[in-house]
Amino acid sequence: MSSLVIQFLNGLAGASTLFLVAVGLSLIFGVTRIVNFAHGSFYMLGIYVAYSIISRAGAGGGLGPAGFWGGILVAAMVVGALGALIEILLLRRIYHAPEMFQLLATFGIVLVIKDYVLWAWGPEDLLGPRAPGLGGSVEILGRPFPEYDLALVFIGPLVLGLLWLLLNRTRWGTLVRAATQDREMAGALGVNQKWLFTAVFALGSALAGLGGALQIPREPAQLFLDMGVIADAFVVVVVGGMGSIPGAALAAFIIGEIKAYCVGIGQVGFLGYSVSLSKLTLVAEFIVMAIVLVMRPWGLLGRQQGAQRIAAGARERPAAGRAMQIAVLAVAGALAVMPFVAQPYTIVLLIDILVYALFAASLQFLMGPAGLVSFGHAAYFGLGAYGAALLVKKAGLPMEFALAGGPLAAALGAVVFGWFCVRLSGVYLAMLTLAFAQIAWSIVYQWDQFTGGSNGLVGVWPAPWLASKTAFYYLAFTLCGCGIWLLRRIVYSPYGCALRAGRDSPLRCDAIGIDLARLQWAAFVLVGTFAGLAGAIYAFSKGSISPETLGIPLSVDALVMVLLGGIHTASGPVVGAAVLTWLQDTVVRNTDYWRALLGAIIIALVLVFPQGIAGFARRRWARSEAA
Amino acid sequence: MPPMLSAKRLNAYYGQAHILFDVALEAAAGEVVVLLGRNGAGKSTTLKALIGLVPPSAGEVVFCGERIDRLQPFQIARRGLGYVPEDRRIFTDLTVLENIEVGRQPARQGVPSWTLEKLYKLFPNLAETGDRPAAQMSGGEQQMLAIARTLMGNPACILLDEPSEGLAPVIVDQMAAAVLEMKSEGLSVLLSEQNLHFAAAVADRAYIIEKGRVRFNGTMAELDADDAVRSAHLAV
């Protein structure tokens, strides 16, 4: 009994932290409709800034409670000010850009902040001081419970209460809630959205910074906090309903408690199997999210969002012009003779580019023609890679079979994930794809005996006749080339037409008897297969694979490639993959701070080419043809 | 005296579709002007172009002696041009009083200024609804709230998009009385209508819009006398 109470309190402390991070994200999304990837980075900055302030305040010896709590508040304000600056300098210019480009820009911010933290605080973990006066523990029903965690249990509801007052009892709060519901109408009534947005963004960022700063006595400041936290925050916001603050509180409570009980209960026997519930904590929240979204597609307390603009303007054109055909043939020809003229290193890089081009092309098919955004596309890439590697290593099959089996494994994954995903739309769908990728990732990461866990699998080599880089290059060239060509053909097949019709007008499709959900499900399986093929080729080209092949960063890479290249052009992902892979390779070799440079380039590209590079080129082309 | 609100050669697009072609209209201080026309004629788009929700692609709009056609909606609203949309767009998450609060702007010189008491006198139905969620209101009450919310910004001129649409006849009569009350306060009113009966009850002058072009411009008496115009552009 007493242990149940302690677990419950642990859950509340965890829920407080989750709520503080998520509520800012929800607030920002509600008003500005920006899905802020950098929110986890603000949290991480909160910890680091608080660490610096508090350790400096306590340097003279004897850190008082005023110094500690004051330091935490100042840290939150610093992060809030940074948020305001970013909103004014960057986001304000792209509110009219499609949502995906806003997301991409905030991801650029993630990279820049990460390297800034690395530069300013160094790579080591930094453990902050304990809170003065709250360093010990209290006895609750005969068991010790940390005093600081008890304080956290109260801080979460306190912040919730203050926010409620701010939003419900002030004119500013009334305007924020009005703009959350209908910002255009609020504008027509004389509300200046510009400063409202800046203020909301600053407040949301400050809340993330506060959530981070409060963690100082509990966990060390680490460089990878940003990605872990953003995944948590997304889940809470989506489960609660995007833009709903009570929803965020409810979701944080449910997820915090479930995690606490998973840790507390530990091993349980089930039908003769021993299942470790504590291992489940990594995926528990994603399972909760999947269940909630299937039952309530807009979260617990959310409401239906308006139609999402994935990318405005340019759409598919029926056929490539003569010049385009010649260009494609020229590129293919150049690639075919590469092994005779290029350095061995270039060949290795080209194989990477080909693999990523197919991977990105499969995501482009999903996002462009099918109109479904996936934040977890690496799931299929990784399933393909692991499927192929396991068939070779565990089943002892020849490489040629494994190369076919990998995509099959990915397709099976897509059958399952897609079945859930096509029930949703917009940001919710994107979040669910992220959840499934994260579930797949943690299964691979934790199943040491079968997948090699965090070490991955080594010694995944191709068959002898493909052992030379040149031979393997031609294999990759053929398979990836055919894959991309097939994907493009399918866009203009009757199936592709029905899919695009469904994207443009779901209601009319319904009315003429097209079962859109089934078509979209098929699209998931189709692109899963091709992404899996890319993954399988990748596994054999590297000889070893790790859980990173299913990770969020790879999913984001794919998004960046598609968005850089242009979402509604078949050539877009190829251009994007080539540019990003080449950039990453060059930048990594020349600087320690490659992320910051990459982030800056992404931000610059979003500001200059809101339609993507290939999309921009095509518009130019169309304009010069028209002139 | 120059008109309070005037538009010249107004053109507007929805995406690629050209909706308004060289629309010209005027409203003098204290005048009630009605835009008549069938569904899809461009009445709503004209009002949206004036308030800046559909930025005009060409043409000029002058309000109180100032060009406003390149301004954002909130800037136009703050200069004293109020807008009540056709679908009302009540903030259903907010209470009735909060909805009115969103519209509140400082008082302006030489323009009728509104208080809650005055608004309740104009729309007695709103008086007892203060803390009710706006989502629970009937269609007629929502229309009254939408107008009250805009009046709280103390506009010099108000744009009403089909204020009688979908309302019960007794409420339509209340609306007509309210429009005349606004006029007697000194407000200019530019409204779009399909209900000729309602228009005749409140308006001084009329424009008829068809396919994005102004087809008729005259007083209500002239329109009443011109059977040919009415049957050509207004008969269903």
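**Briefing on chain B and the cysteines of chain A**

Among contacts in chain B (heavy atoms within 4.5 Å) between residues at least 6 apart in sequence, 69% join residues at least 24 apart. This is a predicted model, in which local features need pLDDT of at least 70 and side-chain atom pairs count only at pLDDT 80 or more, while totals for chains, interfaces and linings use all residues. Residues are numbered from 1 along each chain as its sequence is written, and side-chain values use heavy atoms, with hydrogens and water left out.

Fold and dimensions
- Chain B has nine helices and ten strands, taken as DSSP runs (H or I of at least four residues for helices, E of at least two for strands) numbered from the N terminus.

Burial
- Of the 236 residues of chain B, 55% count as buried, meaning under 20% relative accessible area, with exposed over 50% and partly exposed in between (1.4 Å probe, protein chains only).

Cysteines
- Over all chains the count of disulfides is zero, a disulfide being a pair of cysteine sulfur atoms within 2.5 Å.
- C482(A) is in no disulfide, and the nearest cysteine sulfur, that of C480(A), is 9.5 Å away; at 43% relative accessibility, C482(A) counts as partly exposed.
- C497(A) is likewise in no disulfide, the nearest cysteine sulfur being that of C509(A) at 11 Å, and C497(A) is partly exposed with a relative accessible area of 37%.

Conventions
Chains are lettered from A and ligands numbered from 1 in the order in which they are written.
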